[in-house]
Each structure stands twice: as C-alpha cells, then as structure tokens.
Amino acid sequence: MKRISIVSAVAVAGAMVLSTLPAQAADPGVTSTEIKLGLSSPQTGTVALSYGKLPKAMKAYFDYINANGGVYGRKIKLIARDDKYLPTQAATQTTNLVLNDKVFALVGALGTATHTKAYTAAQLAKNNVPDLFVNTGFSGFDNKTKYPTSFLILPSYAMEAKIIGKFIADTPTLKPQASFLVAQDDEFGVDGVNGFKLAGHTFTKTTLYPQGSLSSALAEGALTGFSAAPGKPVIVLMGTTDTTATILKAAEKLSLTTKFNWIVGSVGGDANTLLALGVKSTTIDGVMAASFFPDAKDTSDEYVSQFMKINAKYNPGVSFDNVVLQAMNTAMLTVQALRAAGKNLTRAGVISAIETKGSTFASAGLAPLNYSTTSHVGYNGYWFGQLNAKGELLPYITGKRTLYTTDSTTTSAPVLSTYERKPIPKNGIPTN
Amino acid sequence: MLQFITAILTSLSAGAIYALMSTALVLVWRSTRVINFAQAGQAVLTTYIGYEVTVRTGSYWYGLIAAILSGALIGATIDRFFMRPIFKRIKSGPIVMIAPVVATLGLLGIIQAIIGFIWGLSYQTLAAPVSTDGYKISGTVIAFSPFNLMVLLSVTITMVLLTILFQKTNIGLALRASAYSPEIAKLSGIKVDAVRTLGWAIAGAAGGLAGMLYIPNSYLYPNGMDVLLVFGFIAAVIGGLDSLFGAVAGAMILGFAINFVATYVSYKLVFPTAFVILILVLLVKPGGLFSSSKGRKD
Amino acid sequence: MHKISVNRKRLLTFILLGWALILIGDRIGELRQYQGAFVAMYALAIASIILLTGYSGQLSLGHSALMAVGAYAGALSINNLKLNPVIALIVAALVAGIFGLILGIAAARLSGPYLAGTTLALAISLPTIANQFTILGGEQGILFDIGTPPARFGEGFSQYKWFFWISSLAALIMIWMISNLMHSKFGRVFRALRDNQTAAQLAGINVGRQKAVAFGLSAGVAGLAGGLLVMLISGVSPSAFPLSLSFSLLTGAVVTGVYDLKGVMLGGLVLVAIPEIADSIGSRVGGSDGFTMALPGFLVSALLILAVLFLPNGPGKLLKKKRNKQDNHTEGNK
C-alpha cells in the first residue's frame with residue numbers, strides 16, 4: 001500500500017517536473033517576427049452553432065494581414081482553445097493560454113459565466129494581460145476595478161433592451177399592443193429584463209427558459225397562450241438562433257405568424273441562419289430586429305464586401321454571416337490596437353493605446369466606439385430594422401437608418417445619434 | 001380552453017417520442033442489464049444516414065427505411081463486437097454496474113466525434129414527409145399536424161408490433177427467457193448470445209425510428225438527442241425498467257408533466273419537474289410503476 | 001496490536017505524501033501548480049464515487065449536483081456569512097453531506113439503475129434551480145475568493161501555489177479520513193452491502209440506514225471537492241456543474257479502479273492530462289474543421305473504452321489480491 005501510493009505520487013511529480021518552464025522577461029508573446037494572441041471559445045457542444053465560426057473567421061483576417069506585411073513586420077498567430085462554453089474549461093483553457101501558450105493578449109473571449117471565471121483564474125489583472133474585445137453583451141465587464149484589462153465591443157443586452165423598449169414606445173402600431181418577452185434564462189435574459197425595466201417597458205408576460213430546453217412542443221404551448229391576447233401583440237425573442245427558429249416554426253405550424261409583431265434580438269436574429277434552420281422566408285418577412293452592424297448580406301456596404309472577399313480567400317467553404325462579420329471586425333480592431341501601441345509592443349502600451357485612440361479606430365459597426373481612460377465600453381447603440389423575405393435587414397423607415405445610443409445602467413432614454421462611421425482603410429488593411 | 005387542448009396535444013406528441021427512446025433503453029436493459037447511453041449517439045447517427053439517403057433519393061420514406069435498417073445493424077454490431085467482449089471480462093461486483101455505463105458513455109463520445117468528422121459540427125434540418133401545419137378545426141388551428149399524427153400512429157404501431165413479438169412469437173419467448181434467466185434459457189437450447197444481439201438490433205431500430213420522427217421538429221447535430229436520452233431514461237425508470245408497457249406509460253406521464261408544468265407554472269421548471277415526478281413514483285414504488293414483482297434479481 | 005500499526009502506517013504514508021506534495025509544489029511552474037490543484041480536486045471527487053460505488057455498491061450519476069450543493073454552500077458562507085474560507089470549505093462538506101444523507105434516506109429502497117436514474121434527474125435539475133433564487137446569483141454566480149496567500153510566505157508564493165497547497169492538503173486529509181473509515185467496521189459493513197444485501201440484512205445490518213449513511217458520506221466528500229472546484233475557478237455558477245462532470249468522475253473512477261482509493265490520484269491526473277494531450281494532438285493534426293474540433297473528444301472517449309476493455313477493474317486489481325490476503329490474515333486474528 002505504501003509502495004503504490006508513493007509510486008502514484010512520483011508518477012504525478014515526474015510528469016509535472018519534466019515540464020517546468022523557465023522564467024520570462026519583458027512581455028511574453030511578442031518577438032521581432034511574431035505576436036501570439038489567444039482565444040477561448042466554444043468550438044464543440046450545443047452553443048457551437050452560434051459561435052463555432054469565430055476562431056477561423058478571425059484567423060482568416062489575421063492571415064490576410066500577415067500576407068500584407070503583418071503588424072510592423074510581425075505576423076499574428078492566433079491560438080484558439082475550445083472551452084465548450086463551460087466555466088471550468090474556460091478557466092483552465094485561458095490559464096493555459098496565458099501560462100502555457102504564453103500569449104501576448106486575449107481576443108474575443110466569449111460568454112459571461114465562462115469569462116468572469118476565466119478572467120480571475122488566469123490572473124489577467126495581475127499579469128496585465130489585455131483582454132481585447134470580449135464577445136459578450138454582459139455590461140458587468142465594464143468595471144475597471146474588477147476587469148481592468150478588459151475591453152468590450154458588443155453593445156450590452158441591457159442597451160439592446162432599452163433601445164427595443166424605446167422603439168416599441170415610439171411606434172404607434174406597436175405601443176398599444178400587449179407584449180411578451182421570451183428569453184434565455186441566463187445573461188441574455190437577466191440583462192435584457194433589466195434593460196426593459198430601465199426603459200420603463202412592462203411586458204404582459206415574461207417567459208424565461210433554461211438554455212436548450214425550449215422544444216417545439218413547449219414553444220407551441222407558449223404561443224397558444226400568447227395568442228389569446230387581442231390585436232397584434234409584440235413578441236420579443238432574446239435567445240440563440242436555434243431557439244428563435246424553433247419558436248418561429250412553431251408559429252408557422254399554428255398559423256400564428258401574422259398574429260404577432262416579431263422582434264428578434266441581435267444574437268438570435270441572424271436571418272441567414274434562421275432560413276438555413278428551416279424557417280420560411282414568408283415568416284422572416286417583416287420580422288423586426290435591432291442591429292449595430294450593416295446587414296451581412298448587404299454587398300453595397302464597403303466593410304461587408306471587403307470582409308466577404310477576405311473570407312472567400314482565407315476561409316473558403318464557410319458561409320459569410322453575422323458571426324463571421326463580427327469576428328473579422330474584432331480582428332480588424334485588434335490589428336489597429338496593436339499598431340496604435342507602436343513598434344515597441346507592450347501590454348501596457350496596447351491598453352493605453354485603446355483608451356486614448358480606440359474611439360477613432362475604423363470598424364464595421366454603425367455605432368460609435370466609446371473607449372476612453374474611464375470607459376472600456378465599445379459600441380453603445382443600435383439601429384432598428386426589418387427583415388424582408390430574402391433575409392436582408394433594412395432600416396425600419398425606408399432609406400433612413402436611425403441610430404440610437406444609450407448606456408446599460410441608468411433609466412436615461414436612448415438618444416438619437418448622428419454618428420458617421422469611418423470609411424474602411426484601403427483594402428481593409430489598417431494604416432493607423 | 002385552447003391552451004388546455006394544446007397542452008394535451010403537445011404532451012401526446014412529446015410523450016410519443018420519449019416512448020420510443022425509453023422503449024429502446026428498456027429493450028437493451030431487459031436483454032443485457034445495461035443502460036445504453038450510446039443510444040443517443042446511435043439514434044443521431046442513423047438519422048444522419050437517413051438524412052443522406054433522403055437528400056440523395058428525394059424521398060423521406062427511403063431515408064426512414066435506411067435509418068431503421070442501419071439502426072438495427074449498428075445496434076447488433078455494438079452488442080456483438082463491443083458489449084460482449086466487455087462482459088467476458090467483467091463478471092461480478094459493482095463493476096458490473098458501472099463499467100458498461102462508462103463504456104456506453106465512451107461509445108457515445110466516439111459516435112458523436114465520428115459524426116463530427118464526417119458531417120462537421122453545423123446543424124442540418126430534415127423536412128417532414130407530410131405537412132407540419134396544424135389541423136384547422138372550426139376556424140382555429142390546433143397544435144396537431146399531419147406529421148404529429150404520423151408520429152403518434154408510428155409509435156402506436158411499433159409498440160403493438162413489439163408487444164406481439166414479445167408475447168406471441170417464439171422469438172419473443174426466447175428474448176424474454178434469455179433476459180429472465182440466461183442459464184436456464186441456454187439449457188433449453190436457446191442461443192442466448194444471438195438472441196441478445198437481436199434485442200440490441202431491435203432497440204437500435206427503434207432508436208433509428210425515433211430519430212427520424214423527432215428531428216423534423218428539431219435539428220440534426222451530434223448532440224441533437226442528448227436531452228431526449230435523459231428524458232427517455234427517466235421515463236423508462238418511472239415505468240419500470242422491466243416493462244415495455246411501463247416504458248410507454250412512463251414516457252406519457254413524463255411528457256404530460258413537463259408540458260403542463262411548463263404551460264401553467266413556469267418554463268424554468270422543465271428539468272426539476274422530471275426529477276420530482278421520478279422521485280414521487282420511486283418513493284411509492286421503488287421499482288417503477290409497472291415492474292413485475294418477480295423480476296430477476298438485479 | 002496488528003490493527004493499530006496498520007493505521008499508523010497509513011497515517012505516516014499520508015504525512016509523507018503531504019510532505020512530498022509540498023516539495024513538489026515548490027519545483028513546478030505556475031501552470032503545473034494550477035493543474036496539480038485540479039488533479040487533487042478531481043482525485044477527491046473520484047474518491048467520493050469510490051466510496052459510494054466501490055465500497056457500498058450504489059451507482060450515482062449525479063455527483064455533479066452534490067458538488068454543486070457544496071460549492072454554493074461554501075460560496076454563500078464566504079459572501080453572505082462572511083466566514084473564513086477554510087471554514088467555508090468545511091461548511092461545503094457538511095451541507096452537501098446532510099443533503100446527501102436526506103437523499104440517501106429517500107433513495108434507500110432504490111436499486112441499481114433506479115438510483116442511477118434518480119441521481120441523473122437530480123444532476124440535470126439542480127443547476128436550473130440555481131437560477132430561481134436571486135441569492136444564488138443566477139448565471140453569473142457567486143464569487144468564491146479563497147484569498148491571497150498569507151504574507152509570511154513571501155513574495156514568490158503565487159496564488160496558484162496557494163491553490164495547490166489548499167487543494168492537495170484538503171484532498172489528502174479527507175482521503176486519509178475515508179481510508180481509515182473504510183478499514184474499520186464501517187468499511188466492512190459497506191462492503192457487505194455491496195456484495196450481498198440479503199446476507200447483510202440477515203447478519204443484522206440495517207441496510208437502508210447504512211446505504212443512506214454511505215450516500216451522505218460520499219456526498220460530503222463530493223461537496224468538499226465542489227468547494228475546491230469553485231475556489232479554483234474563483235466563483236460558482238450553475239453551468240460549472242454540467243451532467244458531463246458526473247460522467248467524467250465515473251470515468252475517472254473506472255479507469256483507475258473503482259474498488260479502492262489508491263488510484264484516485266492517478267484518476268485525477270487522467271481527467272486533467274488526457275483532455276489536454278488530446279487538445280494538443282488535435283491542434284497539431286491538420287484536416288477539416290469538423291475533424292480537428294471533434295478529435296479531442298474522440299481521443300478521450302477512445303481511451304475510456306480501451307480502459308474499460310482492458311482494465312475493467314483498474315490497475316489496482318493486482319493489489320486487491322494482495323490486500324485480500326492481508327485482510328484475511330487480519331480477520332483470522334480477531
């Protein structure tokens with residue numbers, strides 16, 4: 001007994017000691033030829049539908065930049081690890097990225113439950129590891145005490161809810177109707193519910209469901225209940241694309257598609273995916289959605305068409321949709337952040353570069369970037385659109401794309417913004 | 001009123017699908033004393049095969065036949081080449097309980113990985129062969145479509161066929177005897193091993209049918225039937241793992257409980273409801289609702 | 001006399017092990033310290049499975065839920081009751097243990113797959129319950145901060161090393177306690193339950209009560225492991241305890257031998273090392289998207305199947321024979 005216990009211990013010890021790492025000097029992840037960036041995201045598992053395309057799309061953009069001189073001659077290497085959308089995996093994978101892969105910075109980290117744990121576990125604050133352009137709408141990351149190195153990019157779900165709330169209140173055909181909220185029972189739902197409260201909007205009924213549990217049977221039951229309301233009630237769907245598709249298809253089955261005014265959230269509202277999941281184009285036609293990007297199908301938009309070209313060449317076989325657009329946009333912002341930090345690339349340098357110059361970076365988003373020394377918030381606005389039968393999101397008032405900006409925590413109403421997006425750098429290669 | 005009718009109809013549809021999964025699990029349990037977690041993977045794999053056949057031939061029905069046949073084949077293969085060697089090596093003790101569970105879990109992972117290799121990780125959709133629009137009854141559309149009817153009929157026919165098989169045929173007798181007492185069955189000249197493999201084949205076919213009936217209302221991806229497996233297992237336990245009738249009864253009870261609680265109380269309670277129903281049943285009848293009192297000693 | 005010295009031997013072994021771990025902790029880098037802390041935590045969780053299944057013959061698919069109960073209890077003690085983190089870990093074990101005891105009493109009459117089904121249903125429903133009560137923090141969860149290492153350990157004592165120490169020592173102490181328990185009358189009673197319930201009953205053992213006790217003990221150990229887990233990820237949320245965690249623990253128990261506690265450290269190592277090795281193999285091999293993403297899962301599952309096929313009783317099987325001889329000798333001397 002004594003023998004085997006010690007044998008086990010020695011085996012464990014041996015395995016560990018053999019991989020002891022030497023000490024580091026200066027900032028890790030940067031050499032004269034290479035910059036290493038790390039991404040922890042769900043590549044497998046049920047959420048992979050929505051986010052599986054992220055790593056390759058980002059890598060495609062980085063490959064494009066590398067083929068065009070890199071960042072001051074340094075090539076970007078993206079190391080993507082699969083965290084299966086589980087907090088424990090996110091914590092260990094992010095720690096791996098920092099301690100094992102020795103990345104210079106993290107980009108595009110995903111999920112609230114996952115990243116809040118990973119941030120602390122990997123000691124990102126202590127090591128001053130830049131946590132660039134986090135892929136989540138959770139407003140809690142804008143907190144310089146808790147997450148000093150994190151920079152948001154997406155507008156928060158609370159912002160989205162506030163703006164949708166204002167839209168409903170401002171639109172004569174929607175305001176008097178009953179309204180229902182169907183949201184995923186996690187950060188989507190909670191942040192969203194709070195946002196609607198801040199906007200002063202009360203729903204007739206709020207339905208929260210655990211992720212992955214809303215089957216078609218349950219969706220049919222819910223819609224039947226809503227259909228008892230008179231007129232043309234508003235239904236707001238804040239969940240992932242597969243659940244949004246399930247609900248819309250349930251409406252088709254019950255011939256209730258025209259009974260409701262549909263509003264889909266930005267995460268679940270990707271029309272391409274909805275159509276691919278079997279929703280009819282006649283159902284999509286007329287669905288309203290808020291967005292902060294141009295439509296991923298809008299080839300007349302210079303950012304969309306440039307990213308499409310890069311996607312076709314460096315990420316062949318993958319269809320271009322909102323996720324790919326978002327990923328490439330984040331990658332382009334990352335490149336600008338690295339450039340802005342100068343040739344002598346340090347972690348502290350990147351962080352202060354985004355704080356001081358980030359708001360002037362070129363990006364595909366139609367809302368302004370709000371980086372400053374006191375705010376790490378990225379986009380803070382949405383415009384309201386309506387899908388047509390082809391799945392294109394067009395401004396709700398024809399020809400006039402009106403953008404509203406707001407915050408995540410106060411009751412102050414969203415304001416109309418006159419922000420004009422910066423034109424795309426030539427060929428999509430930043431020269432800042 | 002409409003809400004109540006909808007709840008009943010959706011419960012029936014959900015219960016029918018759970019019934020196929022729980023039946024498959026009960027079939028395997030009765031013949032091998034194994035909880036086959038790989039069932040979720042087998043069913044999805046056979047649905048992918050059915051999907052490919054449907055896409056290539058343009059007919060759902062060919063796909064359905066392909067799914068059922070491949071389900072039977074895959075089920076038989078797993079028993080013959082996977083479970084049998086495991087049982088040869090494990091004879092007694094609690095390891096008999098736990099090792100096959102872990103083995104089928106491993107098998108589930110392998111099957112899902114293979115699906116990922118071949119078809120990638122994105123979602124596919126499978127169109128139903130008949131309309132999925134609800135029937136219209138005096139002006140109102142109800143939550144019951146021709147496809148729901150087809151599912152209900154298919155499940156009913158399958159259960160009737162299985163009952164006839166088990167109760168009225170010689171093969172059925174052999175299946176029951178081998179499960180009840182393998183040693184005595186062997187003495188009677190029954191090829192116990194072959195019969196057991198047949199049991200797995202039938203279970204696999206049931207799983208294949210389940211997938212083709214379920215996926216049109218959901219999506220086809222490697223983890224697509226994981227939740228269904230969990231509900232199917234719970235349903236089987238509620239009904240009593242030794243009883244096919246129990247499998248269906250348990251599935252219906254579970255389907256009704258989940259849909260009614262979700263509709264009238266809260267959608268957040270879907271999983272806790274399953275737990276509560278299960279524990280209520282087991283507190284009263286520890287062997288499930290319809291377990292035979294003179295079952296084989298576990 | 002013989003019995004006392006066996007216990008002393010065990011205590012000495014564990015003390016030596018503890019010493020060895022502290023020395024090891026000094027030599028390995030931060031990443032390995034962090035991973036080592038996970039190894040210890042998983043080892044403890046696997047021990048809870050072995051206690052329940054290997055010793056008392058009950059199968060649980062829901063130990064992730066028991067870990068969650070302990071984790072939330074621990075987190076709440078730190079945040080709401082402002083208790084010392086070490087006390088919080090003890091609270092985690094106690095609360096989970098009591099919960100497990102109650103569950104065990106309710107489930108005492110259930111055999112094999114019926115118990116398995118119940119624990120499975122528990123595992124999938126407990127996490128969603130966490131979202132019902134705002135005090136439990138919803139999806140974002142509650143922070144679990146074990147605190148920084150005490151100042152007297154100096155500047156070079158990293159947080160990861162502190163995790164490693166706490167995790168390893170907690171696991172070591174708990175496993176030592178269980179080990180003692182299993183070599184006492186308790187252990188014999190449990191094994192009697194496992195091997196032949198009817199005979200145990202005839203021998204005067206209150207089967208229902210002992211099964212519940214075993215469940216409670218196992219739950220307590222799992223609860224402590226849960227507390228350690230959330231210490232390592234700095235917070236608890238429902239999604240940290242998915243059903244797959246239960247399955248991983250079972251896997252670890254089977255791969256390293258479900259019958260005795262000796263292999264638990266190896267089991268913990270397997271749970272930490274194999275996914276990482278699979279990950280790195282996956283990233284080195286090229287191929288299509290679906291291939292590289294699904295490869296790690298494939299390798300882990302394949303390993304599992306190979307282990308079950310070729311080592312169904314775990315590498316400890318050979319030792320069992322030896323120990324049986326020793327035990328028989330001890331029995332004879334009673």
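Among contacts in chain B between residues at least 6 apart in sequence, what percentage join residues at least 24 apart? The share is 72%, where two residues are in contact if their C-beta atoms, placed from the backbone, lie within 7 Å.

This is a predicted model, in which local features need pLDDT of at least 70, side-chain atom pairs count only at pLDDT 80 or more, and totals for chains, interfaces and linings use all residues. Residues are numbered from 1 along each chain as its sequence is written, while chains are lettered from A and ligands numbered from 1 in the order in which they are written.

**Chain B as a whole**

Chain B contains 11 helices and 2 strands; helices (H or I, at least four residues) and strands (E, at least two) are DSSP runs, numbered from the N terminus. Read from the N terminus, the order of its elements is α-α-α-α-β-β-α-α-α-α-α-α-α. The radius of gyration of chain B, 19 Å, is close to the 19 Å that the globule rule gives for 298 residues, so chain B is as compact as a globular protein of that length. Here the radius is taken over C-alpha atoms, and the globule rule is 2.2 Å times the number of residues to the power 0.38. Other values for the chain are set out below.

| Property of chain B | Value |
|---|---|
| Box filled by the C-alpha atoms, along the principal axes | roughly 65 × 50 × 35 Å |
| Share of the 298 residues that count as buried | 60% |

A residue is buried if 20 or more other C-beta atoms lie within 10 Å of its own, exposed if 12 or fewer, and partly exposed in between.

Helix α10 of chain B (residues 244–264) is mostly covered, with 17 of its 21 residues buried. At 1.5 Å a residue, this helix should span 30 Å, and its end C-alpha atoms are 30 Å apart, which agrees. The expected span is 1.5 Å times one less than the number of residues.

B:P129 lies in the loop between α4 and β1 (136–137) of chain B. Why does B:P129 count as partly exposed? The reason is that B:P129 has 17 C-beta neighbours inside 10 Å. Leaving aside neighbours within four places in sequence, B:P129 is in contact with B:Y60 and B:W61.

**Where chains B and C meet**

The contact takes 44 residues from chain B and 45 residues from chain C. On the chain B side, the elements that give two or more residues are α3 (60–89), α4 (95–119), α9 (226–239) and α11 (270–284). Of these, α4(B) gives the most, with 17 residues. By class, this side of chain B has 34 nonpolar, 7 polar and 3 charged residues. Ala, Val, Leu, Ile, Met, Phe, Trp, Tyr, Cys and Pro count as nonpolar, Asp, Glu, Lys and Arg as charged, and the others, Gly among them, as polar.

**The nonpolar core**

A nonpolar core is a set of buried Ala, Val, Leu, Ile, Met, Phe, Trp, Tyr and Cys residues joined through C-beta atoms within 7 Å. The largest such core has 372 residues, and those with the most contacts inside it include B:I17, C:M41 and C:A47. Helix α2 of chain C (residues 30–55) gives the most to this core, with 18 residues. Not counting residues up to four places away in sequence, C:A47 touches C:I175, C:I178, C:V221, C:L261 and C:V264.
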